[in-house]
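Thank you all for making time this morning.

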Amino acid sequence: MDAITQSTDAADALEPGAKRSRVSGIDRALQVIDYLYETGDPAGAYAIAKAIKAPLSTVYVIIDDLVEKNMLARSPDGSIWLGARLYHYGLAYARSLDFMGVATREMHDLCRDVSETVQLCGREGDHMLVLAMADGPSPFQVASRVGTRVPLNWTASGRLLVGHLPEAERIALFKRCARMSPTGRAEVDATALSAAAGKAFQQRLSTQIAESDYAVACIASPVCDRDGKCVATISIVLPEQKVLSDESHYTDRVRASAERIETSMGWRNR
């Protein structure tokens, strides 16, 4: 029986009186692979065993088995790194991912959860663009439909979409593109907009109330790629009185949805 299929910790050293727990060979193999992935550097068997709190003898057996299967690679100095087989698996998984497919599924799940309209938005130059939309069950009507473009300073999503940029770049952008909104409530000062965008991005949350449309509010969270760049937002569009009465009900859910999209895309471990 090889190291991957057997329970490896039957002989683990325990403190006196401690309850013995068994960790399967698959779990131990994943711990080894996860450790290398998370640290981002090759490591020796001793360092791996110490980090995952496994017997050195167990780790040696697992490493040998994974090296034989090309899941890990051993360098001439004896250090261990991820093998070519994992790379091929990663390529196959990446090919199967489609951002809009992943994000759209999450958009519809969030819509059902909060019973409000949910949108996916992206940036198109100096504008925010509505990429996709799931209508909520209420009769509340949202003016912005798929394909709608509005100035970045009008919306919660617009601020998030540039929040990752350096401050000087944000200020220059807002000086160029900030416009007065139909309600007259959207901020147009470039320095204030830059500060708000940076803060919203750091908090992973942006809220606007009646800045672009009367009585309409929006709560958005950024979807960031592996480089930390905001590539899209997911947002809940709803009547402003609902935000004023129970904002946390929506903020927690929209943040969680953005994080799930990032996790599905493999971007959370950047």
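Predicted model: local features only at pLDDT ≥ 70, side-chain atom pairs only at ≥ 80, totals over all residues.

Let me begin with Ser235, which sits in strand β8, where strands are DSSP runs of E of at least two residues and helices are runs of H or I of at least four, both numbered from the N terminus. Residues are numbered from 1 along each chain as its sequence is written, and side-chain values use heavy atoms, with hydrogens and water left out.

Is Ser235 buried or exposed? Ser235 has a relative accessible area of 0% and is therefore buried, a word I use for under 20% relative accessible area, with exposed meaning over 50% and partly exposed lying in between, for a 1.4 Å probe and protein chains only. If we leave aside neighbours within four places in sequence, the residues in contact with Ser235 include Thr117, Cys121, Ser157, Cys218 and Val254, contact being heavy atoms within 4.5 Å.

Next, the sheet around this residue. It is an open sheet of six strands with antiparallel pairing, in the order β5-β4-β3-β8-β7-β6, and two strands are said to pair if DSSP finds at least two bridges between them. At the edges stand β5 (149-151) and β6 (206-209), each having a single partner strand, so one side of each has no neighbour in the sheet. From one strand to the next the twist averages 30°. Helix α5 (residues 99-114) packs on this sheet, touching β3 (117-124), β4, β7 (216-224) and β8 (230-239), and its direction makes about 145° with that of β3; axes here are lines fitted to C-alpha atoms, for helices over the stretch in contact, and angles run from 0 to 180 degrees between N-to-C directions.

Turning to β7, nine of its nine residues are buried. In a regular strand the side chains alternate between the two faces of the sheet. In β7, Val216, Cys218, Ala220, Pro222 and Cys224 point one way, whereas Ala217, Ile219, Ser221 and Val223 point the other way. On one side β7 is joined to β6 by four antiparallel bridges, with Gln208 opposite Cys218, and β7 also pairs with β8 in the antiparallel sense over nine bridges, with Cys218 opposite Val237. The hairpin of β7 and β8 has five residues between the strands, and Gly228 takes a positive phi near 85° there.

The buried residues of α1 fall within an arc of 135° seen down its axis, so they line one face of the helix, the arc being that of the directions from the helix axis to the C-beta atoms. Those buried residues are Gly25, Arg28, Ala29, Val32, Ile33 and Leu36.

Finally, the whole protein has nine helices and eight strands, and of its 270 residues 45% count as buried.
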